[in-house]
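Me: I would like to learn how to read a few features of a protein model. Please take them one at a time.

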Amino acid sequence: PLLLLAVSKGADQNVLRRSSGPVVDLSAQGLQKLDQSFTCSEDTHTLILDRNHIMKLDHLERSPGLQQISVASNRLVRMMGVSRLTELRVLNLPNNSIDGYVVSQKEGCVHLFTL
């Protein structure tokens with residue numbers, strides 16, 4: 001199946017990405033944020049957003065099947081919606097600007113074993 005992703009690149013310029021399969025790799029695309037319409041298909045379990053300029057993770061709750069997310073080497077300062085990903089097992093966040101974060105199993109991420 002073909003997956004159509006909407007992501008934002010630069011100031012309000014929308015870029016469409018077509019990907020298929022269980023792994024969506026949007027590394028080094030100059031992305032600044034995920035668009036409100038961003039979603040992954042049901043068969044996608046891994047999302048890679050490494051080496052971009054992303055400052056916040058929003059709108060991921062629309063992709064509840066994600067099990068692994070990598071956002072290494074970005075500019076993350078906050079992560080909204082990640083706690084709603086109940087299937088998430090791996091969250092890779094090195095080289096960002098996050099001062100601290102709390103993942104509560106009561107809020108979600110009950111299967112998270114690598115942070």
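Reply: A salt bridge is a side-chain nitrogen of Lys or Arg within 4 Å of a carboxyl oxygen of Asp or Glu. Side chains of opposite charge can pair when their charged atoms come close. Keep in mind that this is a predicted model.

Me: How many salt bridges does a search of the whole structure find?

Reply: The search finds 3 salt bridges. In one of them, glutamate 87 pairs with arginine 89, and their closest N and O atoms are 3.7 Å apart. Glutamate 87 is partly exposed at 31% relative accessibility, and arginine 89 is partly exposed at 27%.

Me: Which residues are linked in a network of salt bridges?

Reply: Lys56, Asp58 and Arg78 form that network. Take its links in turn. Lysine 56 bridges to aspartate 58, with 3.7 Å between the closest N and O atoms. Aspartate 58 also meets arginine 78 in a salt bridge, again given as 3.7 Å from N to O. Aspartate 58 sits in the loop between strand E6 (56-57) and E7, while arginine 78 belongs to strand E8, so this pair ties together parts that are 20 residues apart in sequence.

Me: Is aspartate 58 buried or exposed?

Reply: Buried means under 20% relative accessible area. Aspartate 58 has 14%, so it counts as buried. Lysine 56, at 34%, counts as partly exposed, and arginine 78 is partly exposed too, at 38%.

Me: Where is asparagine 74, and what does its side chain reach?

Reply: Asparagine 74 is placed in the loop between strand E7 (68-70) and strand E8 (78-79). Its relative accessible area is 7%, so asparagine 74 is buried. To read a polar contact, look for N or O atoms within 3.5 Å of each other. The side chain of asparagine 74 comes to 3.3 Å from the backbone nitrogen of histidine 53. A polar atom of that side chain also lies 3.2 Å from the backbone oxygen of valine 71.

Me: Which residues is asparagine 74 in contact with, leaving aside its neighbours within four places in sequence?

Reply: They are Leu49, Asp50, Arg51, Asn52, His53, Ile54, Asn95 and Asn96.

Me: Where is serine 27, and is serine 27 buried or exposed?

Reply: Serine 27 is in the loop between strand E3 (23-25) and strand E4 (31-34). With a relative accessible area of 12%, serine 27 is buried. Its side chain is joined to that of aspartate 25 by a polar contact of 2.6 Å. Not counting residues up to four places away in sequence, serine 27 touches Ile48, Asp50, Arg51 and Asn52.

Me: Over how many bridges do E7 and E9 pair?

Reply: E7 and E9 pair over 3 bridges, in the parallel sense. For a place to look, find glutamine 68, which stands opposite valine 90 in E9.

Conventions
Residues numbered from 1 in each chain as written. Predicted model: local features only at pLDDT ≥ 70, side-chain atom pairs only at ≥ 80, totals over all residues. Heavy atoms only, no water. Helix = DSSP H or I, 4+ residues; strand = E, 2+ residues; numbered from the N terminus. Buried < 20%, exposed > 50% of the residue type's maximum accessible area, 1.4 Å probe, protein only. Polar contact = N/O pair within 3.5 Å; in protein donor to acceptor, adjacent residues only side chain to side chain. Contact = heavy atoms within 4.5 Å. Pairing = 2+ DSSP bridges.
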